[in-house]
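Welcome, and take a moment to look over the chain before reading on.

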Amino acid sequence: MKVNPTYNTKEALLKLYNKPLLELVFEAATIHRQYHNSREVQMSSLLSIKTGGCPEDCGYCPQAARYHTDVEAHKLLTVESVVEQAKNAKANGSSRLCMGAAWREVRDNRDFDSVVEMVQAVNDLDMEVCCTLGMLNEEQAKRLKNAGLFAYNHNLDSSREFYKDIISTREYDNRLETIENARKAGITVCSGGIIGMGEAVEDRVGMLLSYMEMETPPDSIPINALVAVEGTPLQDQKPIEQWEMIRMVATTRIAFPQSVVRLSAGRTKMSMEAQALCFMAGAGSIFAGDKLLTTPNPEFNEDKEMFNILGLIPKEPFQDGEKPVSQPDVIIEEKKKKAAERQLALEKARQEGFSPRKVVSVEK
Ligand code: SF4
């Protein structure tokens with residue numbers, strides 16, 4: 001059951017969200033145990049492959065160029081450095097690597113070619129590869145799928161109504177289109193939202209309703225608590241209560257029994273007990289590692305200790321779908337062919353006595 005028909009209206013979802021907390025957790029835990037192994041929690045790592053300088057105006061995001069935050073912009077990482085960090089994440093128990101680039105949209109340029117190579121290389125490490133690169137067209141989605149991409153993340157963030165208060169540089173429908181493009185290419189969809197941005201409870205369940213209205217709901221739904229960063233328009237937003245996170249996780253679990261609910265940003269503000277209730281209520285994944293793109297996150301060791309105490313087991317990769325097979329990329333192969341031809345022509349010219357002209361600089 002991908003979508004729970006009992007809760008497919010806003011009223012029903014609202015009623016569910018507002019149920020007495022322990023009743024809600026119990027219902028969520030019961031559903032979770034029907035569809036998932038309740039001891040397994042996936043550890044995922046989120047790596048910022050291109051940081052800052054984004055032209056968008058998402059009100060919560062320290063990477064938007066227009067806000068004055070402490071985030072230091074850096075250009076795209078090299079494929080080698082991504083592979084090294086992926087190996088490190090894998091050695092620490094992560095079975096999924098999510099690569100994030102602060103772009104408005106994917107452009108068909110050299111940087112995208114590098115991302116395609118990163119996807120191939122990380123897939124070769126037997127990790128699930130997820131990307132979050134902004135808006136994406138169908139062709140680009142196909143290229144990523146062909147490279148071995150397992151999941152594409154693109155969040156709706158909140159309800160259609162509240163979205164406008166947070167972002168003005170792109171529409172809700174643009175987001176739905178990107179999700180659809182990833183879906184059409186056969187990539188699994190990871191899409192969720194953020195709570196604590198000043199939205200009403202109606203907006204939280206409104207976002208869930210948007211997912212319910214999709215032909216196929218997201219395979220995974222990350223639930224984030226806002227990390228209010230100085231310099232962003234949401235810097236003064238008060239942190240949410242831990243109960244709100246538990247309610248949101250439980251409501252999402254019940255509404256989408258098969259999806260993986262991901263307990264994402266905001267864990268540093270949660271006690272282990274509150275996180276335990278989230279796992280009880282159906283959270284099946286956390287982000288591991290001390291950074292979530294640019295905001296703080298618990299250290300690997302703290303999470304290992306929490307797993308030991310709670311009796312949780314890191315989930316192996318590809319439990320929810322087959323490992324994609326990385327195919328050669330036409331554009332990259334063509335580039336390699338041209339480079340080899342140029343090298344050959346140069347060697348031939350050398351053998352025939354050609355030597356490149358020396359440029360002599362004349363001192364004045
Ligand atoms: S959330 Fe993404 S699209 Fe929005 S400003 Fe940040 S990096 Fe840009």
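Domain bounds here come from an automatic or database domain assignment. On that basis the protein is divided into domain 1 (5-324) and domain 2 (328-355). The centres of domain 1 and domain 2, taken over C-alpha atoms, are separated by 43 Å.

This is a predicted model, in which local features need pLDDT of at least 70, side-chain atom pairs count only at pLDDT 80 or more, and totals for chains, interfaces and linings use all residues. Residues are numbered from 1 along each chain as its sequence is written.

Now for the helices, which are DSSP runs (H or I, at least four residues) numbered from the N terminus, as are strands (E, at least two). Two packed helices are described by the angle between their axes and the distance between the axes. Axes are lines fitted to C-alpha atoms, for helices over the stretch in contact, and angles run from 0 to 180 degrees between N-to-C directions.

Find helix α9 (residues 242-255) and helix α10 (residues 272-280): they pack at about 15°, with axes 9 Å apart. That angle makes α9 roughly parallel to α10 (under 35 degrees counts as roughly parallel, over 145 as roughly antiparallel, 65 to 115 as roughly perpendicular and the rest as oblique). Here Q242, M245, I246 and V249 of α9 meet A274, L277 and C278 of α10 (contact means C-beta atoms, placed from the backbone, within 7 Å).

Next, helix α1 (residues 10-17) packs with helix α8 (residues 201-212) at about 120°, their axes 9 Å apart. The two, α1 and α8, are therefore oblique to each other. On the α1 side the contact uses K10, L13, L14 and Y17, and on the α8 side its residues include V201, E202 and R204.

Finally, which residues are around the ligand? They are C54, E56, C58, C61, Q63, A64, A102 and G134 (a residue counts as near if its C-beta atom, placed from the backbone, lies within 6 Å).

Technical notes:
Two residues are in contact if their C-beta atoms, placed from the backbone, lie within 7 Å.
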